[in-house]
Amino acid sequence: MDVRRSIAGLAAVGLLVAAGCGGDDGGDGDSAESAGGGSTEDFCAGFNDINEQFANIDPAENPEALDEAVDLLRDLDPPEEVADDYATVLEGFEALADIDVNDQDAVADLQEEFSGTEDAFTAVSEFVEREC
């Protein structure tokens, strides 16, 4: 398994460059706190701008861009429908931004910590595909 490819894949899924895989439609309820209740239109506009700006980043080669993307993602106010799932996705990005993605042990720990969050990534992906 190529660790860089896995992390880049996590980034791609989180930024919705590619559709999420598998899982059902809901979050797990143990995500980070999120304001929620923002408008779908504002959320989609902001999300699409971020996605367009950072779609091709490689966190292994450009960790500063990942940090910038995380800061922008933090500023979004997701609609209540996806607020919990979005908080989980954001938490994954914050954790990714906090590690050296070239450190295979740190990457493995992160993958283990966020295993089981695929449903949240899928829910946000489906929301963006449907609404944005």
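This is a predicted model: local features need pLDDT of at least 70, side-chain atom pairs count only at pLDDT 80 or more; totals for chains, interfaces and linings use all residues.
**Overall make-up**

The protein has six helices and zero strands, so that, read from the N terminus, its elements run α-α-α-α-α-α. Of its 132 residues, 41% count as buried. Among contacts between residues at least 6 apart in sequence, 79% join residues at least 24 apart.

**Helices H3 and H4**

Helix H3 spans residues 63–75 and helix H4 spans residues 83–97, and their axes, which come within 10 Å, cross at roughly 155 degrees. Because an angle over 145 degrees counts as roughly antiparallel, H3 and H4 are described as roughly antiparallel to each other. On the H3 side the contact is made by Leu66, Asp67, Val70, Leu73 and Arg74, which meet Tyr86, Leu90, Phe93, Glu94, Leu96 and Ala97 on the H4 side.

Asp85 lies 4.5 Å from Ala120, C-alpha to C-alpha, although 35 residues separate the pair in sequence.

**The disulfide**

The model contains one disulfide, which joins Cys44 to Cys132 with an S to S distance of 1.9 Å. Cys44 lies in helix H2 (residues 40–54), whereas Cys132 lies in the segment after helix H6 (118–131), so the pair ties together parts that are 88 residues apart in sequence. The torsion about the S-S bond of Cys44 and Cys132 is about -70 degrees, and the disulfide is therefore left-handed.

How do the two cysteines stand in exposure, buried or partly exposed? Cys44 is buried, with a relative accessible area of 7%, while Cys132, at 35% relative accessibility, counts as partly exposed. The cut-off that decides this is 20%, because a residue under that relative accessible area is called buried.

| Residue | Relative accessibility | Class |
|---|---|---|
| Cys44 | 7% | buried |
| Cys132 | 35% | partly exposed |

Definitions and conventions:
Residues are numbered from 1 along each chain as its sequence is written. Side-chain values use heavy atoms; hydrogens and water are left out. A disulfide is a pair of cysteine sulfur atoms within 2.5 Å. Helices (H or I, at least four residues) and strands (E, at least two) are DSSP runs, numbered from the N terminus. Buried means under 20% relative accessible area, exposed over 50%, partly exposed in between (1.4 Å probe, protein chains only). Axes are lines fitted to C-alpha atoms, for helices over the stretch in contact, and angles run from 0 to 180 degrees between N-to-C directions. Angles under 35 degrees count as roughly parallel, over 145 as roughly antiparallel, 65 to 115 as roughly perpendicular and the rest as oblique. Contact means heavy atoms within 4.5 Å.
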